[in-house]
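I opened this model to look up a few backbone features and the ligand surroundings. My notes follow.

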Amino acid sequence: MFKGVMLLLDFTALSVVGCQWGDEGKGKVTDFLAAQSDVVVRYQGGPNAGHTVVVQNETFKLHHLPCGVLYPGKICILGNGMVLDALTLVAELEGLKKRGIVAEKLFISDRAHLILPYHLRQDSLEEVKRGGGKIGTTLRGIGPAYEDKTTRRGIRVGELRDEKRLKEKIAAVLEEKNELFNKVYGDEGITLQMIEAEYLPAALSLLPYITDTSYLLSSHLDRGDKVLFEGAQGAMLDIDYGTYPYVTSSGTLAGNICSGSGIPPGRVGAVLGVGKSYTTRVGEGPFPTEIKGETAVLIRNRGKEFGTTTGRPRRIGWLDGVALRHACRLNGVQHMALTLFDVLSGVGKLKIATAYRHRNGDLIEQFPAELHILEETTPVYQEYAGWSDDLSAVKNIHDLPQAAQNYIKGVEEIAGAHVSILSVGPRRDQTIWRL
Ligand code: GDP
Ligand code: IMO
Ligand code: MG
């Protein structure tokens, strides 16, 4: 069998990471590969993620839980690099239970951080204060929770084991937060009673799942079990290499798998990059290949491009090869899953940005660190002939129209990676291996 397919099927550890601004179809691809794995791990982010998986005619939207949860018996780990909102996690578990899915082998890191109600409040207040410069966050408290982790006032999941100390700590942090809310934002703040009444019972119900997941994961790797790491967000939302400050607050690159799950670099394995056949972005911030008008509306409707977490219409653009190449290089991607390929049928002529042209005439081929430079550039496009055939039932790569094959070649050239998986629809059976 072809080396790439072997790599993706015969893995010990394999990572699925987003190569754009999120929503690339990581959920679908992880679910597809989870069939062959024993353990599925989330290692960063929190309920800002919205991973959609379609199993037969049922659609699941997962925010905290790894996609492996949809298969019976898979071990699911929420790693230490995550931030968890107990209320939404419990709601997610209960929602699945009502649909007959029980997360029987769920493990939550005792070192993961909790998102508390004051983080949600802070996220909203900060966004309002930013006014026109808002980030367009998911308002899930992600930034404030990671901020508290870094400034060392965060509350970790393991602290749920000692309720008395936990309450004392929450009360102390809350005092600081309320001072901030009152004095800076003129907000009345949050009472300890509110947290004790609603949030704490949900958080404490998670106690049976809490463990040292780094140790657990190492023992599975020692045993030769297959481990799949499920990235959230995408490279362009990475706190360091994304379009800062219009990014999320965690490291979304494969390099963060180690610190976010507690394993050494040598155990991370191959990295499968997931990229949409065009580009979308939800939230504010630069988007060099953004398009508006009829074509954008057509793609948005065909691809059902509305946020999984917030329902916001996603911004639409041509495939940004500069961003994709940046993402593949940073993640060490040799193999890609190219998704939502079916959506491009009937769009007409297609474009892929291969570089940006600065207004001073310079050609920019590497994604710049400073956003004002992006604003002074326009994308340099390579045009491709489109196709109108419905591809959603194609099972074999050779049945694709020549124009579609040319477009895939164009993606590979700019990304410097092989498209090993082609996704032509949201369902599991709409996935093609490409040799
Ligand atoms: P994620 O956050 O990366 O997991 O992606 P989302 O789930 O937020 O968004 C991807 C959307 O595209 C979901 O609605 C998927 O069901 C859907 N999807 C995934 N792959 C395909 C595909 O190949 N074709 C189409 N039409 N939809 C897809
Ligand atoms: P998945 O895993 C798309 C975006 C938000 C906002 C920025 C910061 O489904 O791909 P945050 O709430 O994280 O502080 O918001 O990041 N964002 C996402 N966009 N997909 C996601 O996750 C996202 N998670 C965060 O829209 O622009
Ligand atoms: Mg999503």
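**Notebook: loops and ligand**

I found Leu139 in the loop between helix H4 (117-130) and helix H5 (142-150). Helices (H or I, at least four residues) and strands (E, at least two) are DSSP runs, numbered from the N terminus. The model is predicted: local features need pLDDT of at least 70, side-chain atom pairs count only at pLDDT 80 or more, and totals for chains, interfaces and linings use all residues. Residues are numbered from 1 along each chain as its sequence is written, chains are lettered from A and ligands numbered from 1 in the order written, and side-chain values use heavy atoms, without hydrogens and water.

I checked phi of Leu139: near 60°, a positive value in a residue other than glycine. Leu340 also has a positive phi, near 50°. I located Leu340 in the loop between strand S16 (335-339) and strand S17 (350-358).

Next I looked up a cis peptide bond. It joins Tyr244 and Pro245, with omega about 5°. Pro245 lies in the loop between strand S10 (227-230) and helix H9 (256-261).

Then I turned to ligand 1. I noted 18 residues around ligand 1 (a heavy atom within 4 Å). The closest are Lys26, Gly27, Thr52, Asp342 and Ser423. A polar side-chain atom of Asp342 lies 2.7 Å from a nitrogen atom of ligand 1. An N or O atom in the side chain of Ser423 is 2.5 Å from a ligand 1 oxygen atom. For Gly425, I noted a backbone N or O atom 3.0 Å from an oxygen atom of ligand 1. Helix H2 (26-34) and strand S3 (51-55) each give two or more residues to the shell.

Note on methods:
Polar contact = N/O pair within 3.5 Å; in protein donor to acceptor, adjacent residues only side chain to side chain.
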